[in-house]
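Open the model in your viewer and keep the selection panel at hand. The tour below goes from one selection to the next.

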Amino acid sequence: MQSAKPSAIVKPTLETRYHIDYSWFERSGEDLRTYLLSHLSPDQRERLSQTTETREVDYIDPETGEVSKLDELQLAIRSASLDPDFINPHTAVVDSIFRVFLANGNKPVNSQQISEYIGRPASLVLKTLSGGRVYKGIRPTTN
């Protein structure tokens, strides 16, 4: 009699770290640019939705001094994420979680850390992210 093989699926915990898997948008057929624009103020959204041209600018990270190239949409998101109201109690849970990753440069964080950013229980964050559905490309990290 053979022993059962262990499951390759690991159930996420409060310590499981998540990030945005941007390749998910390509596979899902959802338009990443449209979704990113939805996280901007109406003025920024209007201005950026009028152009299809992608211009890059040098961005200097204020914390590290590192210089990187950002397009106008990425720069607008950086700017929007500095607004104290970017993540607020009136924003949908999935959108709030997504905004955490926009604000932190997509650095992996766990449900407890996300909870601190969005002001909602870590158990709700975990339940949302560990279900069978992947929301907006937010997936567990592989390391």
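**Stop 1: the start of H4**

Select Asp-71 and Leu-73: Asp-71 caps the N-terminal end of H4, with a side-chain oxygen 3.0 Å from the backbone nitrogen of Leu-73. Bear in mind that this is a predicted model.

Now extend the selection to the whole of helix H4, residues 72-81. Its buried residues are Glu-72, Leu-73, Ala-76, Ile-77, Ala-80 and Ser-81. What do the buried residues of H4 pack against? Show helix H2 (32-37), helix H3 (42-49), strand S3 (67-71) and helix H5 (93-103); these four elements are the packing partners.

**Stop 2: the sheet**

Select strands S4, S1 and S5, which form an open three-stranded sheet in the order S4-S1-S5 with antiparallel pairing. Strand S4 (109-110) and strand S5 (138-140) are the edges, each pairing on one side only. Zoom in on strand S1 (residues 17-20) beside S4: two bridges join these antiparallel strands.

**Stop 3: H6 against H7**

Finish with helix H6 (residues 111-118) and helix H7 (residues 122-129). Their axes lie 8 Å apart, and the helices pack at an angle of about 115°. The crossing of H6 and H7 is right-handed. To display the contact, select Ser-111, Gln-112, Ile-114, Ser-115 and Ile-118 on H6, then Ala-122, Val-125, Leu-126 and Leu-129 on H7. Colour this H6-H7 contact by residue class: six residues are nonpolar, three are polar and none is charged.

Note on methods:
Residues numbered from 1 in each chain as written. Predicted model: local features only at pLDDT ≥ 70, side-chain atom pairs only at ≥ 80, totals over all residues. Heavy atoms only, no water. Axes fitted to C-alpha atoms, helices over the stretch in contact; angles between N-to-C directions. Left-handed = near helix turned anticlockwise from the far one by under 90°. Contact = heavy atoms within 4.5 Å. Nonpolar A, V, L, I, M, F, W, Y, C, P; charged D, E, K, R; others polar. Pairing = 2+ DSSP bridges. Buried < 20%, exposed > 50% of the residue type's maximum accessible area, 1.4 Å probe, protein only. Polar contact = N/O pair within 3.5 Å; in protein donor to acceptor, adjacent residues only side chain to side chain.
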